[in-house]
Amino acid sequence: MRILILADIHANWPALEAIVRHESFDECWCVGDIVDYGPFARECVDWVRENCRVVVRGNHDHAVAHFVNGRGDEGYRYLARVTREWMWKQLTADQLRFLMKLPVTRDVTCFNRIVHLVHATPRDPLDEYLGANERQWADRLKQVPAQLVCVGHTHVPFLLEVDGRAVLNPGSVGQPRDGDPRASYAVIEDGRIELLRREYPLDQTVDAIRHTDWPDRAKELAIATLTCGGMRQALRVGSP
Ligand SMILES: [Fe+2]
């Protein structure tokens, strides 16, 4: 049994396609944030809907589905605000309904273990940012009767052991933020967990962004972020 774990796809179909075309898997689970930031919302929502056995809602899925306006004129908030308005023009009512009905958490039994899936953390399922901090995760796992917790949200992959349990963040398929622009994901095979990266045709995503009606500043910011593997990295090299 080989399970593909995906998170933070963010409407980047070439990145998603590169993974699912080359990886063999029996099941796919998605830990949220299918939409915002990228130019291929329809393709990504349809693929997840048709192919993922388990899907939980991310903060961006929630905001798009509930028509929450983005706020902010800088950084990721600015990019989310601009691309969210575009999401509403791209997605069908049926696709928005799919996002709206996604559960915030799911528990799955797999390899004789309980796996808890949540986009951010069990304490704050949609919004809390928590990286590979063992002490803080020990606190967040107190009320969670699972041996494995799968999360996303930070766009930075990690596999952490906490009091004999594991917390897995597969990183971001469509907008990595750890300085490595390759698509990030994880595979669980017979209970063994592996963090993986895959090159994808970034030029296809860049080309699609250039053909949107986003403001030029948003286009350049989105492209630099994807090219550098994060906005911080992009600003450091002075791209946008
Ligand atoms: Fe995200």
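The protein's secondary structure amounts to nine helices and ten strands, where helices (H or I, at least four residues) and strands (E, at least two) are DSSP runs numbered from the N terminus. The radius of gyration, taken over C-alpha atoms, is 17 Å, close to the 18 Å that the globule rule gives for 240 residues, so the protein is as compact as a globular protein of that length; the rule itself is 2.2 Å times the number of residues to the power 0.38. This is a predicted model, in which local features need pLDDT of at least 70 and side-chain atom pairs count only at pLDDT 80 or more, while totals for chains, interfaces and linings use all residues. Residues are numbered from 1 along each chain as its sequence is written, and side-chain values use heavy atoms, with hydrogens and water left out.

Along its principal axes, the C-alpha trace spans about 50 × 40 × 35 Å. Of the 240 residues, 57% are buried, meaning under 20% relative accessible area, with exposed being over 50% and partly exposed in between (1.4 Å probe, protein chains only). Among contacts (heavy atoms within 4.5 Å) with a separation of 6 or more, 64% are between residues 24 or more positions apart.

Five strands form an open sheet in the order β3-β2-β1-β9-β10, with mixed pairing; two strands pair if DSSP finds at least two bridges between them. Each of the edge strands, β3 (54-55) and β10 (192-198), has a single partner strand, so one side of each is left without a neighbour in the sheet. Strand β1 runs antiparallel to β9 (residues 183-189), joined by four bridges, and leucine 4 stands opposite valine 187 in β9. With β2, by contrast, β1 pairs in the parallel sense over four bridges, and here leucine 6 has cysteine 30 as its bridge partner.

In a regular strand the side chains alternate between the two faces of the sheet. In β2, Glu27 and Trp29 point one way and Cys28 and Cys30 the other, and all are buried. Glutamate 27 counts as buried at 15% relative accessibility. Beyond its neighbours within four places in sequence, glutamate 27 is in contact with Met1, Arg2, Ile3, Leu4 and Arg53.

The iron ion comes next. Its protein donors are Asp8 (OD), His10 (NE2), Asp33 (OD) and His155 (NE2), at 2.1 to 2.3 Å from the ion. Donors are N, O and S atoms within 2.8 Å of the metal (3.2 Å for Na, K and Ca), and water is not among the atoms, so sites may look incomplete. The angles among the four donor atoms run from 88 to 176 degrees, and the site is irregular. Four donors count as tetrahedral if all angles lie between 85 and 135 degrees; four count as square planar and six as octahedral if opposite donors are over 155 degrees apart and all others between 65 and 115, and anything else is irregular. Along the chain, the donors follow the spacing D-x1-H-x22-D-x121-H. Histidine 10, in the loop between β1 (2-6) and α1 (13-22), and aspartate 33, in the loop between β2 (27-30) and α2 (41-51), are 23 residues apart, and the pair links distant parts of the chain. Both histidine 10 and aspartate 33 are buried. Aspartate 8 also lies in the loop between β1 and α1 and is buried, with a relative accessible area of 0%. Although not a glycine, aspartate 8 has a positive phi of about 50 degrees.

A positive phi also occurs at phenylalanine 67, about 55 degrees, again although the residue is not a glycine. Phenylalanine 67 sits in the loop between α3 (59-65) and α4 (75-90) and counts as partly exposed at 49% relative accessibility.

Apart from neighbours within four places in sequence, the contacts of isoleucine 34 include His10, Val48, Phe98 and Leu99.

Asparagine 169, in strand β8 (residues 165-169), counts as buried at 0% relative accessibility. Its C-alpha atom is separated by 8.7 Å from that of leucine 195, 26 residues apart along the chain. Threonine 225, in helix α8 (residues 216-228), is buried with a relative accessible area of 1%.
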